[in-house]
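User: I would like to go through this structure with you, one topic at a time. Could you begin with the backbone and then turn to the packing?

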Amino acid sequence: MSLSCTALSVTRGKRTVLSGIDFALEPGELVCLVGANGAGKSSLIRCLDGLWRPGSGEVSIDGKRLPSLTRAQVARSIAYVPQAGGDTMSLSVSEMVTLGRAPHRATDTVSLRARKVEAALARFALNGMETRAFDQLSGGERQRVLLARAFVQEARYLLLDEPTSALDLRHQLEALRTVREMVDELQVGALIAIHDLSAAARFADRLVLLEQGRIRAAGAWQNVLTPEHLRGAFGIEARVGTVDGLPFVIPEAQG
Amino acid sequence: MIAQAFARRTGAFAVLGLLLVTVAGFATLHGVQHMPLTTGLKAMIAPLLPAGWRADVPPSYQAILLTLRLPRTLLAIIAGAGLAVAGVAMQGITRNPLVSPYTIGISPAASFGASIAILASGDGGAGNYAPVVVAAFAAALLCAFLVLGLSALRGVTGTVLVLSGVGLSYLFGALSSTLQFVASEQQLAVIVHWAFGSVNGATWQAVTVTGLILGIVLPVLAAHSWALNAFAAGGDEVASSLGFAVARTRIVITVAAVLVTAAIVSYAGVIGFVGLVAPHIGRLIVGGDHRVLLPFSALVGALLLLLADLAGRTLFAPVVVPAGIVVAYLGVPIFLHLLLGRARHRA
């Protein structure tokens with residue numbers, strides 16, 4: 001049981017975006033995907049969700065090859081959480097969350113769907129704002145709506161593409177804590193592309209560090225966020241340590 | 001709160017439906033030959049009844065109602081509703097509020113087709129209308145399939161669809177202008193008159209063809225309401241991640257929107273604005289859920305065009321101003337009122 005890829009490579013034009021990626025995400029674990037801009041974080045997430053077709057290599061969901069599945073089948077296994085931006089043409093909060101039931105709409109009854117959406121709204125503290133337009137919400141509220149949508153999708157794997165980039169510190173913390181709770185409670189596997197290394201180290205079970213489309217390091221944060229890897233992947237000199245058990249990464253100078 | 005929203009929507013449907021029926025009735029009975037309500041109703045149901053039961057209605061009334069007024073009212077309703085749902089669909093899949101059914105070049109293409117037919121016919125298209133309709137329809141479809149073909153080469157995304165549509169609009173616009181340049185004075189007048197969209201001279205054939213196509217297209221679009229919501233919520237990637245086959249869905253929706261628009265343009269000429277603004281009015285009143293928005297915008301579009309036609313033929317009677325012109329005068333104030341009202345409400 002895992003969402004995995006083997007020997008995954010992607011080229012766009014002449015540029016190699018991903019090359020020889022082997023990775024597996026198990027249910028019940030939270031993995032953070034880190035790396036510089038353009039290292040291939042978003043590309044890997046898109047390939048794992050089948051939004052991009054890889055040039056070579058294979059993605060499989062619980063042993064089934066991804067191309068052999070319909071989009072709806074994939075959507076019942078994997079929920080994708082994009083950055084919380086963009087115009088949604090006047091969709092309301094409850095309509096946005098209801099969309100998470102789209103892959104189940106053939107088997108859902110109206111009342112079952114309503115119950116699930118209502119439960120999700122309550123869980124993510126969205127009750128009372130069901131009819132508000134998504135476009136009018138704050139960044140933190142939008143992120144909660146998108147997480148609620150992923151929640152009602154009842155997928156075994158969550159793929160989050162920089163969910164915290166547009167959020168202030170408090171809402172970053174809140175969003176990551178919510179994902180951590182979903183992982184622990186529902187035993188879903190979550191892969192988060194994220195820039196904040198300290199937050200990644202704090203919330204993830206393990207990290208994967210990408211550098212120019214390849215995996216440079218993977219494993220516990222202590223082994224991945226070493227000064228040497230950070231110099232190689234980001235071109236910075238950084239100090240890494242813990243304060244009261246909380247990891248921190250402070251960039252000191254350009255390497 | 002959800003129950004409240006549901007009640008509000010139901011209310012909006014009821015009010016608009018009632019308004020549409022009332023205006024349709026009034027528009028059908030009102031004209032140069034005004035008819036009392038009872039006479040009008042009797043005349044309309046007379047052909048449906050067995051011979052002995054028919055009320056005594058002057059045959060001229062019956063002729064006016066059945067050959068002139070009723071097809072006109074029905075064509076206005078169908079054209080307004082059709083352009084509105086096509087607009088909702090196109091705005092939804094391109095996730096672009098500036099898009100209308102004409103964005104992919106249907107109207108200049110239809111004008112081009114109609115111009116060819118008018119130039120080709122000896123009498124300048126005045127005598128026989130059928131070739132003009134067929135040519136306009138064929139040219140509109142040709143343009144739409146060129147747009148879809150171009151988009152398919154580059155991957156059918158919303159942006160590519162809009163951009164290739166804009167490009168082909170200019171191409172067909174230039175072709176039409178070239179034809180108008182070489183046309184005679186009389187032919188030019190016919191071409192220009194054709195381009196003013198209106199439901200003047202609506203026939204039962206026009207009503208049947210457009211009605212039939214709308215009758216097929218509307219359920220197809222309604223069946224894609226979830227997909228349209230997904231596109232609107234986050235574009236291609238989100239729609240795909242929610243389980244929709246993005247490219248196929250976009251083609252089905254576009255073809256449906258194109259068919260209904262092309263049919264309407266062919267019979268009623270270029271009636272702009274309804275397809276752009278009816279979806280917005282719909283969104284401002286009932287929100288963006290396409291399961292509700294599609295039927296509601298259809299009502300809005302039908303009512304807009306019906307009112308425009310009624311105003312166009314009564315305000316300056318006996319001059320009949322084409323509905324395609326009046327609809328902008330009517331729709332812009334409504335649209336701005338709702339838009340500004342919402343902005344105030346939000347602030």
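**Backbone, helix packing and cores**

Analyst: E154(A) lies in the loop of chain A between α5 (139-152) and β7 (157-161). The model is a predicted one.

User: What is the phi of E154(A)?

Analyst: Phi of E154(A) is positive, about 50 degrees, although the residue is not a glycine. Most residues other than glycine have a negative phi.

User: And is E154(A) buried, partly exposed or exposed?

Analyst: With a relative accessible area of 40%, E154(A) is partly exposed, because that class lies between 20% and 50%.

User: Now chain B. What is the phi of R95(B), and where is that residue?

Analyst: R95(B), also a residue other than glycine, has a positive phi near 55 degrees. Its place is the loop between α3 and α4 of chain B. At 27% relative accessibility, R95(B) counts as partly exposed.

User: Let us move to helix packing. At what angle do α3(B) and α11(B) pack?

Analyst: The angle between α3(B) and helix α11 (residues 274-286) of chain B is about 75 degrees, and their axes are 7 Å apart. That makes α3(B) roughly perpendicular to α11(B), because angles of 65 to 115 degrees fall in that class.

User: Which residues make that contact?

Analyst: From α3(B) come G80(B), L83(B), A84(B), G87(B), V88(B) and Q91(B). From α11(B) come V274(B), G275(B), L276(B), A278(B), P279(B), H280(B) and R283(B). By class, seven of the residues in this contact are nonpolar, five are polar and one is charged.

User: How does α3(B) pack with α9(B)?

Analyst: Helix α9 (residues 225-241) of chain B packs with α3(B) at an angle of about 45 degrees, with the axes 7 Å apart. The two helices are therefore oblique to each other. A89(B), G92(B) and I93(B) of α3(B) make the contact with L228(B), F231(B) and A232(B) of α9(B). Five of these residues are nonpolar, one is polar and none is charged.

User: Staying with α3(B), is T73(B) buried or exposed?

Analyst: T73(B), which is in helix α3 (residues 59-94) of chain B, counts as buried at 6% relative accessibility. Residues up to four places away in sequence aside, T73(B) touches A24(B), A27(B), T28(B) and L306(B).

User: What about α4(B) and α6(B): how do their axes cross?

Analyst: The axes of helix α4 (residues 106-120) and helix α6 (residues 158-182), both of chain B, come within 8 Å and cross at roughly 25 degrees. α4(B) and α6(B) are therefore roughly parallel to each other, and α4(B) passes α6(B) in a left-handed crossing.

User: Which residues meet there?

Analyst: On the α4(B) side they are P108(B), A109(B), S111(B), F112(B), S115(B), I116(B) and L119(B). On the α6(B) side they are S169(B), F172(B), G173(B), L175(B), S176(B), L179(B) and V182(B). The residues of this contact comprise nine nonpolar, five polar and no charged.

User: Finally, the cores. Which residues touch the most other members of the largest nonpolar core?

Analyst: They are L3(A), F23(A), L48(A), L191(A) and L225(A), in a core of 190 residues. Helix α12 (residues 290-314) of chain B gives the most to this core, with 15 residues.

User: What does L48(A) touch?

Analyst: Not counting residues up to four places away in sequence, L48(A) touches L3(A), C5(A), F23(A), V59(A), L66(A), I78(A), L159(A) and L191(A). A second, separate core of six residues includes L29(B), M35(B), A43(B) and V57(B).

Conventions: Residues numbered from 1 in each chain as written. Chains lettered and ligands numbered in written order. Predicted model: local features only at pLDDT ≥ 70, side-chain atom pairs only at ≥ 80, totals over all residues. Heavy atoms only, no water. Axes fitted to C-alpha atoms, helices over the stretch in contact; angles between N-to-C directions. Helix = DSSP H or I, 4+ residues; strand = E, 2+ residues; numbered from the N terminus. Parallel < 35°, antiparallel > 145°, perpendicular 65-115°, else oblique. Left-handed = near helix turned anticlockwise from the far one by under 90°. Contact = heavy atoms within 4.5 Å. Nonpolar A, V, L, I, M, F, W, Y, C, P; charged D, E, K, R; others polar. Buried < 20%, exposed > 50% of the residue type's maximum accessible area, 1.4 Å probe, protein only. Core = buried A, V, L, I, M, F, W, Y, C linked by side-chain atoms within 4.5 Å.
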